[in-house]
Amino acid sequence: MALFRQELAIDLGTANTVIFKDDQVVLDEPSIIAVETKSGKLMALGHVAQQMEEHTPPKISTIRPLMNGVIADYDAAEQMLTGFIRKAIGKKKTIFSPSLKTLIGIPGGSTPVDMRSIRDSASHAGAHEVVMVYEPMASALGIGLDVTAPNGNMIVDIGGGTSEIAVISLGGIVESASIHVAGNEITNDIIDYMSQQHNIHVGRTTAEQIKFNVGSVLVDLGDQAVEPYRVKGRNILTGLPLEADITYQEIASCIDKTVDKIESEILRVLQRTPPELYSNIVVNGIWLAGGGSLLRGIAERFTKKVNIPFHVAEDPLKAVARGTCLALKEPNYPFLMK
Ligand SMILES: Nc1ncnc2c1ncn2[C@@H]1O[C@H](COP(=O)(O)OP(=O)(O)OP(=O)(O)O)[C@@H](O)[C@H]1O
Ligand SMILES: [Mg+2]
């Protein structure tokens, strides 16, 4: 069967692409490619391309083909997806070309044009059958929730380009919001803060390192507190090297407004949620997924603000891909879009 038919579950994210095959992660790479600037010829993808980002001479360019969860550069997206699919299915050549089915998570806010471009891009990348599922539904499945039960569950997926908030019941999305405020905006807050408060010019990679090491949404993390993180960069004023130790409290303050926007959107979705489902959510709690849910203190902060318990999913960066993988096994789920 494997010879004739292959199935891939894909989370094509703004920041990262994760692919499952036969219940295993076969690819987990940043959504980025490097091309020769003049010819557009592919030079590297994923991790290797990311290492080149912000280090390229003019003849090489790096491209992140997705913006806010949807394809922004069609040709680049197709090159990236083709490369990733090839890597995921292995390069072994067989006499028979196996039929390839892909199940792809797409943002809740996708327009018909966005959906068309994902579908075309996957077809050109070699998929014979393309099925799509809304990402919040996939995350809920990946977290292990019974999405078809008459029971309200709420998911908040904070990715790179979008934060998706959805209330799910009976196999459908009852209420939702998709906002373009997520990890990338938090990284930009850190870049601005470093230049305004410390006079240090840092790139995206360093800002993300700061976020991973001392990213926090609370100014008091109690026993979760972490040591300051040393940043080396260029003094914006003098051009000389400069070092600074950045504390988690500083990061909590500089990203506060952005986290607040996500928090307010969660409250707005809860306000629109029908009362019976709302009561279910109060009991079940609210699930956090996506890379943004790894910010220190996020469940505590949201729980305090919303007065409903928040839980961070296990391995939150893979919740969508794991969910699409589970959906591959249930082709009759009503929420799959063929
Ligand atoms: N430990 C961490 N702490 C804080 N942020 C993190 C951490 N790990 C990853 N992130 C952030 O999470 C984001 C990526 O998350 P994820 O892979 O869920 O996004 P995505 O699915 O690619 O994007 P989208 O869902 O918007 O299309 C990035 O902004 C990254 O900086
Ligand atoms: Mg995502």
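This is a predicted model: local features need pLDDT of at least 70, side-chain atom pairs count only at pLDDT 80 or more; totals for chains, interfaces and linings use all residues.

**The open sheet in its setting**

Analyst: The C-alpha trace spans about 60 × 55 × 35 Å along its principal axes. There are 11 helices and 18 strands in the protein chain. Of the 338 residues, 46% are buried. Among contacts between residues at least 6 apart in sequence, 66% join residues at least 24 apart.

Now the sheet itself. Three strands form an open sheet in the order E5-E4-E6, and their pairing is antiparallel. Strand E5 (42-45) and strand E6 (60-63) stand at the edges with a single partner strand each, so one side of each has no neighbour in the sheet. On average, neighbouring strands of this sheet are turned by 25° against each other, direction ignored. Strand E4 (residues 33-36) pairs with E5 over three bridges in the antiparallel sense. Leu-42 in E5 is the bridge partner of Val-35. Helix H2 (residues 74-89) lies across E4, E5 and E6 and runs at about 60° to E5.

The chain also surrounds a ligand. Around ligand 1 there are 23 residues, and the closest are Gly-13, Ala-15, Gly-159, Gly-183 and Gly-291. Helix H5 (183-198) and helix H6 (204-214) are the elements that give two or more residues to this shell. By type, the shell residues divide into 15 polar, six nonpolar and two charged.

Notes:
Residues are numbered from 1 along each chain as its sequence is written. Chains are lettered from A and ligands numbered from 1 in the order in which they are written. A residue is near a molecule or strand if its C-beta atom, placed from the backbone, lies within 6 Å of it. Helices (H or I, at least four residues) and strands (E, at least two) are DSSP runs, numbered from the N terminus. Ala, Val, Leu, Ile, Met, Phe, Trp, Tyr, Cys and Pro count as nonpolar, Asp, Glu, Lys and Arg as charged, and the others, Gly among them, as polar. Two strands pair if DSSP finds at least two bridges between them. Axes are lines fitted to C-alpha atoms, for helices over the stretch in contact, and angles run from 0 to 180 degrees between N-to-C directions. Two residues are in contact if their C-beta atoms, placed from the backbone, lie within 7 Å. A residue is buried if 20 or more other C-beta atoms lie within 10 Å of its own, exposed if 12 or fewer, and partly exposed in between; C-beta atoms are placed from the backbone.
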